[in-house]
Amino acid sequence: MRRNDRRIISPVRRWYRRYGRSLPWRGESDPYRIILSEIMLQQTQVSRVLGHYPRFLRRFPSMPSLARARQRDVVLAWRGMGYNNRAVRLHALASVLVGREMRIPSDAASLLELPGIGRYTAHAILSSVHGLPVPVVDVNIRRLLSRVFWRMPSTADMRSEPEIWRTAASILPRRGVYDWNQALMDIGATICTARLPCCSRCPLGGICASRKRMTQAGRGTRKSEPGVHGVPNRIYRGRIVEALRRKEAGFRAEALGRVIHPDFTPHDIPWLKSLLEALERDGLVRITRGRTLPDFRVVLA
Ligand code: SF4
């Protein structure tokens with residue numbers, strides 16, 4: 001497969017014209033709205049972002065309004081999105097960009113130096129804000145290209161990120177790259193899904209190496225995350241932030257532990273403290289007064 005190869009470009013473009021999703025940030029020219037959508041879409045499904053994006057924009061309609069806000073209010077407005085450290089980084093990013101009079105860097109290296117910007121977001125900004133011909137690779141595109149270009153044994157398998165970035169760059173069309181990236185994302189999200197790819201409706205079925213040949217991965221295939229009582233720590237961190245959103249004065253350690261876990265005992269304090277320290281490193285919470293166990297208090301930063 002080479003650049004501008006019609007065997008892949010034409011069916012993808014045809015499919016996108018007919019079935020591409022209509023999303024509020026597509027075709028948007030305001031860099032703030034584009035950046036907000038890209039940061040929300042990191043680790044969160046489109047269906048959930050669709051509900052939160054307009055609500056967040058009503059609360060913070062511009063980058064300066066976001067930069068002026070208290071971090072606490074930004075984290076409050078992020079409620080329901082999960083991965084709250086993105087709210088902290090988005091707020092920091094707004095301050096940096098407003099300080100630079102909203103001059104958004106137009107090269108990946110400079111974008112990667114900004115808070116909250118990883119490779120995917122940097123390329124998404126280059127493609128959508130600056131209209132540059134660069135690939136983007138999210139999990140949908142990674143899954144799709146893995147299956148099209150390699151014979152994947154099961155639906156749980158994917159090629160490595162560096163391989164997929166190289167592949168995405170190698171098949172980039174010469175024009176219409178923004179729509180091209182969006183089209184690949186849509187096919188990955190709606191046709192070549194993680195568990196049940198719909199090969200009979202796929203525009204890439206004619207060239208796909210894995211078409212109808214993968215075994216179905218069981219639910220247990222997912223890597224287990226660290227946690228207690230079968231609940232991942234990620235969920236407990238979300239519960240901590242949610243509890244602190246509701247109570248500005250914060251909590252003492254044990255009281256907070258009982259809010260996030262009904263069977264919490266003093267033996268669990270070291271575990272709780274490790275969760276809080278991770279949240280503190282992300283800039284989400286502040287641990288105040290005595291740092292010795294169990295004498296500490298925690299508030300939203
Ligand atoms: S043919 Fe099937 S496995 Fe291949 S890209 Fe399309 S949906 Fe995915």
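In the predicted model, three strands are arranged as an open sheet whose order is β3-β5-β4, with antiparallel pairing. The antiparallel strands β3 and β5 (residues 297-300) are joined by two bridges, and F251 has V298 of β5 as its bridge partner. Helix α14, which comprises residues 269-281, lies across β4 and β5 and runs at about 125° to β4.

Two helix pairs were examined for their packing. Two packed helices are described by the angle between their axes and the distance between the axes. For helix α2 (residues 31-41) and helix α3 (residues 46-59), the packing angle is about 140° and the axes are 10 Å apart. As angles over 145 degrees would count as roughly antiparallel and 65 to 115 as roughly perpendicular, α2 and α3 are therefore oblique to each other. The crossing in which α2 passes α3 is right-handed. On the side of α2 the contact is made by R33, L36, S37, M40 and L41, while α3 contributes V46, V49, H52, Y53, F56 and L57. By class, the residues of this contact of α2 with α3 comprise eight nonpolar, two polar and one charged.

The second pair consists of helix α1 (residues 6-19) and helix α11 (residues 177-190), whose axes come within 9 Å and cross at roughly 80°. The helices α1 and α11 are therefore roughly perpendicular to each other, given that this description covers angles of 65 to 115 degrees. In α1 the residues V12, R13, W15 and Y16 take part, and they meet D179, A183, L184, D186 and I187 in α11. Six nonpolar and three charged residues make up the contact of α1 with α11, with no polar residue among them.

How values were computed
Residues numbered from 1 in each chain as written. Predicted model: local features only at pLDDT ≥ 70, side-chain atom pairs only at ≥ 80, totals over all residues. Pairing = 2+ DSSP bridges. Helix = DSSP H or I, 4+ residues; strand = E, 2+ residues; numbered from the N terminus. Contact = placed C-beta atoms within 7 Å. Axes fitted to C-alpha atoms, helices over the stretch in contact; angles between N-to-C directions. Parallel < 35°, antiparallel > 145°, perpendicular 65-115°, else oblique. Left-handed = near helix turned anticlockwise from the far one by under 90°. Nonpolar A, V, L, I, M, F, W, Y, C, P; charged D, E, K, R; others polar.
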